[in-house]
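Thank you all for coming; I would like to take a few minutes to walk through one model.

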Amino acid sequence: MTQNLVKVKIWDVPTRLFHWGMLCLLGGLWWTAESAEMEWHQLLAYSLLILIGMRLLWGFIGSDTAKFSHFVHSPKTVLNYVRKTKQHGISASIGHNPIGGYMVVALISLVTLQLVTGLFATDEIFIEGPLYTTVNGDTALWLTWLHKKNFDLILILAAIHVLAVGVHMFKGDKIIAAMFSGYKRLPGELAQPLAFVSTLKAVMIVMVIGALVVNYLMLPIIEML
Ligand code: HEM
Ligand code: HEM
C-alpha cells in the first residue's frame, strides 16, 4: 500500500456529518439520561431522529458508498472476503468492507430501535415518550426495560466497531482520517469511479424531516422548558 497511491474521494459530507453527529448525540443522550435531564434527553433524541431519518433515505438515494446496496453483500461474498483477508491480510476497501457493512446495518438498526423504544418509555415520574399512551402499562414498562438494555448492546457493538477500526488503522488503512476528510489514498488499480449526490439534496431531506420533528416532537418540549 505504499506504491502508486492515488487520492480517492470515498465519503460524502452527509455520511461524515451523520457519523460524527450521531456519536456526539449518543454521548449527550447517555449523559442526559445519567443526570436525569430528561427534557434535554428528548431534544437530543429527536435531533438524532432527524439524522437517522436522513441516513436511512440516503442509503437508497445517496452517494454510491452510502448506499446499502453498495455495502450489504451476500454471505458468499463475506466468506470470500474473510478467506482473502486470512491469506493476504487486511487491505483497504472503497467504502465499507463486506464484514463492516453488516456491522453498519447492525449499529444503525440498534440506534433506530433505541429511538423507537424511547418513544414509548417512561421514567415513572415525570417523563413519558409521546407514544406512551398508545400501549398498555406493562408493554410500556417492557419497552422502557428494552430501551435501557438495548443501550448496553449499542455500547458493546460500538466497542467492537472501534476495535475493528483500530485494527485497520494499525495495518495502515487510514479509515478514521477518511471519515473526517472524505478521502483515502489507495493503490491506483483499486480506484474506481464513484457517483456522489449533491449535499443540497441531503439538506433538503433534513429540512423536510426536521420541520415535522421540530413541529410535532420538539416544540411541545421547548415550550415547557
Ligand atoms: C457509539 C459509537 C459509534 C457508533 C454507533 C458508530 C456507528 C457507525 C456507523 C453507523 C458507521 C457507518 C457510517 C455510514 O455509512 O453512515 C460507522 C463508520 C465508521 N466509524 Fe463509527 N461509530 C461509533 C464510534 C466510532 C468511533 C469512536 C470511531 C473512531 C475511533 C469510529 C470510526 C468509524 C470509521 C472510521 C468508520 C468508517 C468505516 C469504514 O471505513 O468502513 N466510529 N460508524
Ligand atoms: C437513540 C436515542 C436514545 C438514546 C441513545 C437513549 C439513551 C438512554 C439511556 C442510556 C438511558 C438510561 C438507561 C439506564 O438507566 O440504564 C435512557 C433512559 C430513558 N430514556 Fe432514552 N434514549 C434515546 C431516546 C429516547 C427517547 C426518544 C425518549 C422519549 C421520551 C427517551 C426516554 C427515556 C426514558 C423515559 C428513560 C428512563 C429514565 C429513567 O427511568 O431513569 N429516550 N435512554
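Predicted model: local features only at pLDDT ≥ 70, side-chain atom pairs only at ≥ 80, totals over all residues.

In total 22 residues surround ligand 2, and the closest are Ala 33, Ala 45, Gly 118, Asp 123 and Gly 129.

Which residues of α1 are buried? They are Pro 14, Thr 15, Phe 18, Leu 25 and Leu 29, and because they cover an arc of only 90° around the axis, they sit on the same side of α1. As a reminder, an α-helix has 3.6 residues a turn, so residues three or four places apart point the same way. On the other side of α1 we find Trp 20, Leu 23, Gly 27 and Glu 34, which are exposed. The cover over the buried residues of α1 includes α2 and α8 (199–224). After the helix comes Ala 36, whose phi is positive, near 55°.

That brings me to the packing. The largest nonpolar core has 15 residues, of which Leu 44, Ala 45, Leu 48, Leu 49, Leu 51 and Met 54 touch the most other members. At least two residues of this core come from each of α1, α2 and α8, and α2 gives the most, with 9 residues. Apart from this core lies another, of 6 residues, including Val 8, Trp 11, Ala 92 and Leu 186. As for Leu 49, if we leave out residues up to four places away in sequence, it touches Leu 115 and Val 213.

Finally, the chain as a whole. The protein chain has 8 helices and 2 strands, which follow the pattern β-α-α-α-α-α-α-α-β-α along the sequence. Its C-alpha atoms fill a box of roughly 60 × 35 × 30 Å, taken along the principal axes. Of its 225 residues, 22% count as buried. Among contacts with a separation of 6 or more, 74% are between residues 24 or more positions apart.

How values were computed:
Residues numbered from 1 in each chain as written. Chains lettered and ligands numbered in written order. Near = placed C-beta within 6 Å. Buried ≥ 20, exposed ≤ 12 C-beta atoms within 10 Å, placed from the backbone. Helix = DSSP H or I, 4+ residues; strand = E, 2+ residues; numbered from the N terminus. Arc of directions from axis to C-beta. Contact = placed C-beta atoms within 7 Å. Core = buried A, V, L, I, M, F, W, Y, C linked by C-beta atoms within 7 Å.
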